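Thanks for making time this morning. I would like to walk you through one structure, slowly, and I will give each cut-off as the term comes up.

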Amino acid sequence: MRKVYHRILQIAGNVITVEADNVGYNDLAEVTSSRGTSLAQVIRLQDAIVSLQVFAGSRGVSTGDEVRFLGHPMRVSSSPNLLGRVFTGSGEPRDGRPSIVDDLVEIAGPSVNPSKRIIPRNMIRTGIPMIDVFNSLVESQKLPIFSVAGEPYNQLLARIAMQAEVDIIIFGGMGLKYDDYLFFKNTLDEQGALSRSVMFVHTASDPVVECLLVPDMALAVAEAYALDDKRVLVLLTDMSNFADAMKEIAITMEQIPSNRGYPGDLYSKLAARYEKAVDFDSAGSITILAVTTMPGDDVTHPIPDNTGYITEGQFYLRNGRIEPFGSLSRLKQQVNDKTREDHRIIMDTMIRLYADFKETLEKQSMGFQMSSWDDKLLAYGKKFEAQMMDLSVNIPLEEALDAGWKILAECFDRTETGIKTDLLDKFWPK
Amino acid sequence: MGDDMLDNNAGRIVGVNGNIITAEFDTHVTQNEVAYIVVGEERLKGEVIRVRGKRVDIQTFEDTVGLKVGDKIEFTDELLSVELGPGLLTMVYDGLQNPLNELAEKSGFFLKRGFYLPALNYERKWEFTPSAAKGDSLKAGDAVGCVPEGIFTHRIMVPFSLKGSWKVVEVAAAGEYKIDDIVAKIADEKGGTADVKMVQTWPVKIPITAYKEKLLPEDQLITQQRIIDTFFPVATGGTFCVPGPFGAGKTVLQHALSQHAEADIVIIAACGERAGEVVEILREFPHLPDPRTGKTLMDRSIIICNTSSMPVAAREASVYTAVTLAEYYRQMGLNCLLLADSTSRWAQALREMSGRLEEIPGEEAFPAYLESLIAGFYERAGLVKLNDGTTGSVTIGGTVSPAGGNFEEPVTQGTLKVVGAFHGLSRDRSNARRFPAIHPLDSWSHYRSIVEPEKIGVARQLLIRGNEINQMMKVVGEEGTHTDDYMIYQKSEFLDYVYLQQNTFDDIDGATSKERQIRMFDKVLAVLESKFKVESKDDARKYMQELRQMFIDWNYSKMDSDEFNALEKKIDAKIAEKL
Ligand SMILES: Nc1ncnc2c1ncn2[C@@H]1O[C@H](COP(=O)(O)OP(=O)(O)OP(=O)(O)O)[C@@H](O)[C@H]1O
Ligand SMILES: [Mg+2]
């Protein structure tokens with residue numbers, strides 16, 4: 001029987017302190033107040049004083065409430081029975097069905113030994129030219145969608161998830177609007193994917209700090225499945241809520257902020273999650289697609305900035321389109337040399353010319369006379385936006401490459417493209 | 001290793017805050033000594049980083065989950081050290097020099113907490129040839145003999161920690177020995193004796209200085225990257241940094257250098273970055289041929305890999321581990337290139353530690369002593385004259401990942417103060433896919449180029465003018481620009497496309513030898529300096545685009561091949577066309 005403590009010394013923010021002994025760092029405790037029972041986690045030990053973050057928040061917790069230490073860190077079931085189920089951020093069933101406690105694994109486990117990783121090699125086809133042609137998504141990639149409120153990022157996330165060929169989908173929602181939760185659930189259901197999915201859902205109306213557990217829970221389950229040879233896709237939306245919850249705790253703990261109030265270890269904390277993406281040597285894989293909303297559409301804000309330094313590229317979703325600039329798949333070169341010989345050159349050339357188009361557009365808006373070259377670029381830019389960038393376009397990669405050559409040939413002479421002569425000879429439409 | 005060094009000096013945990021443990025000790029402690037936290041079967045390594053009264057702060061190199069107040073600490077009295085000896089090459093280590101492949105064999109997919117292995121193979125035998133004789137007088141760093149390690153002659157040296165002059169008492173005969181065998185016995189004037197083994201240990205945070213003197217780095221370290229060797233060169237024994245926003249191409253550039261730079265030994269420190277990027281090296285280097293030696297790239301490499309999800313304190317140690325290994329091979333008269341990606345992650349590890357210690361923070365919460373640590377790290381680079389008169393070098397190139405891509409931040413600024421070359425990557429250039437995205441106007445180097453300074457001057461001037469004209473055209477439009485100016489702009493674009501930009505992923509274009517660069521640059525210069533007769537701006541643009549096309553084809557052709565020669569003729573004819 002574990003000891004129960006009845007004297008809470010301090011309550012500040014969502015952190016409480018008690019005097020207790022024999023408590024392990026990061027162990028869990030249950031805090032029982034008149035509002036019910038919440039999980040809490042040890043975040044500091046100092047002599048006999050234990051600080052805990054209370055996942056349901058400290059509101060209503062009183063000094064005389066009960067704290068019971070569980071003697072272990074957070075765990076989650078990794079059993080196949082999870083499939084088709086929906087849980088809260090702290091792992092309680094959200095679907096009214098019984099809890100699952102078999103095959104418990106500790107969350108936030110150790111790193112994979114880099115020598116047990118292999119080079120990613122399988123392209124995930126999405127039917128979206130801005131992804132398939134220009135920034136191919138690769139199995140085991142970690143990649144966020146950078147966007148702002150109001151953009152259809154959750155729709156895009158769901159669309160990619162539905163088109164991707166994976167065995168299992170693990171969904172982690174943080175600060176999710178209830179509508180968005182239903183949208184994901186219904187989409188999974190309609191496409192018949194719910195039975196191979198697990199959802200951990202923290203909604204906007206749930207206590208803020210509870211979302212801190214979501215990525216670790218989702219990824220721990222994903223890891224267990226991947227070790228069992230499954231190709232797992234993890235969806236995390238919105239990681240900005242996760243980062244903000246961390247900031248809240250850091251401020252309560254009086255940590256010195258590094259940048260705009262965010263803790264100095266934001267990078268390490270985010271990396272610990274994203275780095276769970278893996279292609280195992282002789283087992284399955286984990287691919288992570290996330291959403292990061294950028295406060296004020298500012299990519300230099302600490303959340304997108306640190307994320308960009310961690311992930312293997314990002315898709316910028318702006319004005320309902322995936323922006324060619326700034327969007328990047330760093331793993332694309334692992335796969336785009338095995339698709340079609342002209343893949344890379346189409347990718348490079350079309351983007352370069354689109355950049356030139358943007359410049360011309362600027363000149364035009366300033367009222368400058370357009371040269372014949374400018375006119376060509378203007379025509380090109382229009383076609384590129386309509387036939388490549390528009391998110392309604394849903395075509396296989398090969399068709400998109402053909403369309404690329406067609407657009408180039410309609411707009412330019414051969415030498416104006418800067419493409420190597422041998423490729424021109426082979427692919428330039430006659 | 002410290003395991004057998006238990007001198008009863010123990011302590012107990014009194015606090016845990018992230019990876020910082022506060023402990024009370026019984027007898028004495030040494031700043032920066034290694035301590036082990038004992039939890040059941042596990043012994044977790046840590047380093048003492050602050051002593052206050054009867055309490056010490058220890059940064060642990062492991063996850064601290066489950067640690068309790070009262071858990072036992074063992075102090076070792078030894079500073080954090082690495083093992084030096086034959087067999088380091090081709091190894092893949094974590095930041096504390098644990099061999100990752102061997103760990104994987106023993107503990108599988110995950111890095112098990114508190115599981116450590118020796119850095120070197122103590123069973124393997126090496127073919128030792130003595131070079132010292134009984135009665136010889138030697139100093140620290142002098143060789144007593146050597147063993148072949150791959151294509152290199154690995155010197156077995158008098159331990160660096162020995163002071164003064166030593167006489168050889170005995171040297172082992174030529175033959176096979178394990179690294180722990182004694183290959184020589186030496187004695188000093190006062191009658192002290194010491195054993196020389198093939199393996200010695202050295203504390204990572206202290207530079208190895210068993211050489212005669214430091215020299216001024218003058219010779220280029222050829223990287224085969226045109227924009228670097230020609231415009232912003234790196235010297236053998238020099239330092240350079242590559243700051244840039246995320247995705248601007250720091251890592252790709254470092255990988256290119258690790259493959260193509262003409263150094264003897266390359267040490268790659270993957271410090272707090274993505275594991276996936278290291279995997280590419282781990283999996284590819286054993287198969288990529290090193291054209292200079294006929295062996296694989298792995299045979300000249302050591303990889304230190306403490307990626308972002310691995311323990312933060314070990315990340316801090318990893319850059320020191322890496323530079324110590326580089327210094328070790330420098331002592332053998334070899335040229336070592338250390339590539340650290342990213343030094344900002346190291347600085348962040350310092351920041352996390354400093355924050356937990358509640359030190360008074362400097363800018364952006366980095367510790368106030370950050371600059372001196374950065375300077376101290378780059379100071380470990382250098383060209384040195386060894387005791388035997390030969391030279392060896394350590395060249396250090398570090399990437400910097402500034403928050404928000406803004407170079408006005410402590411790590412970039414602290415680094416710029418101490419390095420010899422600055423390769424600043426630009427977001428605009430990487431967005432426009434102009435790789436390598438080194439900014440041709442903002443970057444600089446204090447070292448000497450492979451091309452004469454006058455020629456570089458012409459090219460730089462043209463880039464500056466071209467940029468000015470481009471800016472002006474944005475205001476007055478093309479129509480308001482004189483055709484001569486327009487031509488200058490076109491020429492600067494031409495220089496950018498055919499010379500500054502380079503396709504890293506192409507076998508031929510990805511690496512341009514010194515000879516080829518010199519030859520190519522002259523040809524490019526011929527274009528830049530020619531006064532072409534063009535009728536209009538359209539004519540100018542078209543002509544320059546055609547020239548560009550030819551040069552690009554030329555870049556992709558193998559040097560001195562028939563195709564190469566034919567293209568050169570075509571280019572000459574094209575240049576003559578408008579003269
Ligand atoms: N020389 C190059 N040629 C072609 N593409 C490049 C080149 N350099 C970089 N890229 C592209 O840019 C991507 C990002 O490059 P890289 O990973 O080197 O960035 P980084 O500066 O190291 O970013 P981070 O700071 O996030 O690690 C690459 O995956 C590749 O697609
Ligand atoms: Mg990088």
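What we have is a predicted model, in which local features need pLDDT of at least 70 and side-chain atom pairs count only at pLDDT 80 or more, while totals for chains, interfaces and linings use all residues. Residues are numbered from 1 along each chain as its sequence is written, chains are lettered from A and ligands numbered from 1 in the order in which they are written, and side-chain values use heavy atoms, with hydrogens and water left out.

With that settled, let me take the hairpin that I had in mind.

Strand S3 (residues 33–39) and strand S4 (residues 42–52) of chain B run antiparallel and are joined by six bridges, with B:Val39 partnered by B:Glu42. The hairpin of S3(B) and S4(B) has two residues between the strands, and B:Gly40 there has a positive phi near 55°. S4(B) then goes on to strand S5 (residues 55–60) of chain B, to which six bridges join it in the antiparallel sense, B:Gly46 being paired with B:Thr60. That hairpin, too, has two residues between its strands, and B:Gly53 in the turn has a positive phi of about 60°.

Let me step back to the chains as a whole. Chain A comes to 12 helices and 23 strands, and its C-alpha atoms fill a box of roughly 80 × 50 × 40 Å along the principal axes. How does the radius of gyration of chain A agree with that of a compact globule? The radius of gyration is taken over C-alpha atoms, and the globule rule is 2.2 Å times the number of residues to the power 0.38; for 430 residues a compact globule would be near 22 Å, and chain A has 25 Å, which agrees. Chain B has 14 helices and 26 strands. Its radius of gyration is 27 Å, close to the 25 Å that the rule gives for 579 residues, so chain B is as compact as a globular protein of that length.

Now the interface, where contact means heavy atoms within 4.5 Å. On that basis, 80 residues of chain A are in contact with 77 residues of chain B. The two chains bury about 6700 Å² between them, 51% of it on carbon and sulfur atoms, buried area being the accessible area (1.4 Å probe) that two parts lose on being put together, summed over both.

Taking a salt bridge as a side-chain nitrogen of Lys or Arg within 4 Å of a carboxyl oxygen of Asp or Glu, the rule finds four across this interface. In one salt bridge, B:Arg283 meets A:Asp281, with the closest N and O atoms 3.5 Å apart.

A:Asp47 has a positive phi of about 50° although it is not a glycine, and A:Asp47 sits in the loop between S5 and strand S6 (49–54) of chain A. In chain B, the peptide bond from B:Asp341 to B:Ser342 is cis, with omega near 10°, and B:Ser342 is in the loop between strand S22 (335–341) and helix H6 (343–356). The bond from B:Phe435 to B:Pro436 is also cis, with omega near -15°.

How values were computed
Helices (H or I, at least four residues) and strands (E, at least two) are DSSP runs, numbered from the N terminus. Two strands pair if DSSP finds at least two bridges between them.
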